[in-house]
Amino acid sequence: MRISRLPRSRNHLRRIVAQMDLPVPWNRDELVNSVARRRRRPILVVPVAHALVRGGHFGLWLARATDDVILYAAGTSDVHAMHIICHELAHMELGHDRTAIGDTSVDSRVLAEAAPSVDTTDVVKVFGRSNYSNDQEYDAELLATLIMSGRRSTMCDTGGDPRASRILGTF
């Protein structure tokens, strides 16, 4: 009998979320700072022009020599922006900067136009959130969803409703 990697991966990712000690009440800046402390590297979150989206990327993680930068489209909804940020944080939590090659499809000119306030001269790797075609993207997306479900559970009280608790528990 073949055992699916999905349940094993999901359990591993749930352990990561538990170790992240999600802020209660939910606070994006505290979450980012918490990941930065664990990585021992500052993380800068920057909204940028929609040029990244037109280029096929909803968000980017720039792994620079001494810090990390998360870029996301400025005009997107708060929930979508938070999911993009969580996705990039998930890549960081999963250590994908140590194992991934990086995204070679990112045009440095487009990046400079979209994020003129970000110094791109010491970028070591660029990771783009444009598809879910490999295991690392799948794991990052699932971890981001689990982080976001933690956000939802801290933002809304189920009022003891077992159906609501069961639904939240499936994420």
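In which crossing does α2 pass α4, left-handed or right-handed? I found it left-handed, meaning that the near helix is turned anticlockwise from the far one by less than a right angle (clockwise would be right-handed).

A note on the source: this is a predicted model, where local features need pLDDT of at least 70, side-chain atom pairs count only at pLDDT 80 or more, and totals for chains, interfaces and linings use all residues. Residues are numbered from 1 along each chain as its sequence is written, and side-chain values use heavy atoms, leaving out hydrogens and water.

Next I checked the packing of α2 (residues 28–39) against α4: the angle is about 15 degrees and the axes are 11 Å apart. The two helices are therefore roughly parallel (an angle under 35 degrees). I listed who meets whom: R28, L31, V32, V35, R38 and R39 of α2 face M82, I85, C86, L89, M92 and E93 of α4 (contact is heavy atoms within 4.5 Å).

Then α4 itself, residues 78–93: 12 of its 16 residues are buried (under 20% relative accessible area, 1.4 Å probe, protein chains only). H83, H87 and H91 are among them. After α4 comes G95, and I noted its positive phi, near 70 degrees.

Last, I looked at H96, which sits in α5 (residues 96–99). H96 is buried, with a relative accessible area of 6%. Its side chain makes a polar contact of 2.7 Å with that of H91 (N or O atoms within 3.5 Å, one able to donate a hydrogen and the other to accept it). Beyond its neighbours within four places in sequence, H96 touches H91, F127 and Q136.

Notes: Buried means under 20% relative accessible area, exposed over 50%, partly exposed in between (1.4 Å probe, protein chains only). Helices (H or I, at least four residues) and strands (E, at least two) are DSSP runs, numbered from the N terminus. Axes are lines fitted to C-alpha atoms, for helices over the stretch in contact, and angles run from 0 to 180 degrees between N-to-C directions. Angles under 35 degrees count as roughly parallel, over 145 as roughly antiparallel, 65 to 115 as roughly perpendicular and the rest as oblique.
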